[in-house]
Amino acid sequence: MKIYIHESKEEKDINLTIPYGVIFNKIGAMIAGKVIEENTQENTITKEQLKRLMKEIKRYVKQFGHFDLVHIETSDGNFLKICL
């Protein structure tokens with residue numbers, strides 16, 4: 001996963017690279033499930049569904065390559081991009 005943040009007023013951009021193995025694994029699914037559980041009123045997704053989702057994201061990236069999950073640009077030249 002790559003996260004790019006560009007702010008037109010700042011001199012340096014922020015580029016973060018996080019390995020897929022750190023995020024998309026069983027431990028990552030458990031942590032994400034706990035965060036979702038703590039921050040929502042209703043449990044909309046089970047831990048098993050979250051594990052399945054992470055497995056499918058890994059399979060998709062392996063089969064089709066990287067894609068932009070989020071791409072936001074403002075009119076003044078700032079942007080945020082999260083690429084899987």
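A residue counts as buried under 20% relative accessible area, as exposed over 50%, and as partly exposed in between (1.4 Å probe, protein chains only). Of the 84 residues of the protein chain, 15% are buried. This is a predicted model, in which local features need pLDDT of at least 70 and side-chain atom pairs count only at pLDDT 80 or more, while totals for chains, interfaces and linings use all residues. Residues are numbered from 1 along each chain as its sequence is written, and side-chain values use heavy atoms, with hydrogens and water left out.

**Overall build**
- The protein chain has three helices and four strands; these are DSSP runs, with helices (H or I) of at least four residues and strands (E) of at least two, numbered from the N terminus.
- Their order from the N terminus is β-β-α-α-α-β-β.
- The radius of gyration of the protein chain is 16 Å, whereas a compact globule of 84 residues would have one near 12 Å. That value is taken over C-alpha atoms, and the globule rule is 2.2 Å times the number of residues to the power 0.38.
- Along the principal axes, the C-alpha atoms fill a box of roughly 45 × 35 × 20 Å.

**Aromatic cluster**
- Rings of Phe, Tyr and Trp (its six-membered ring) pair if their centres lie within 6.5 Å; planes under 30 degrees apart are stacked, over 60 edge-to-face, and the rest tilted.
- This rule gives two aromatic pairs.
- Tyr-60 and Phe-64 form a tilted pair, because their ring centres are 4.8 Å apart and their planes stand at 45°.
- Both residues lie in helix α3 (residues 47-64), four residues apart, about one turn of the helix.
- Tyr-60 and Phe-67 have ring centres 5.2 Å apart and planes at 90°, so this pair is edge-to-face.
- Tyr-60, Phe-64 and Phe-67 form one aromatic cluster.
- Phe-64 is exposed at 54% relative accessible area. Tyr-60 is partly exposed at 36%, and Phe-67 is partly exposed at 25%.

**Around Ile-14**
- Ile-14 sits in strand β2 (residues 14-17).
- Its relative accessibility is 43%, so Ile-14 is partly exposed.
- Beyond its neighbours within four places in sequence, Ile-14 contacts Ile-3, Tyr-4 and Ile-5; contact means heavy atoms within 4.5 Å.
- Ile-14 and Leu-84 are 70 residues apart along the chain, and their C-alpha atoms are separated by 17 Å.

**Contacts across the chain**
- Among contacts with a separation of 6 or more, 40% join residues 24 or more positions apart.
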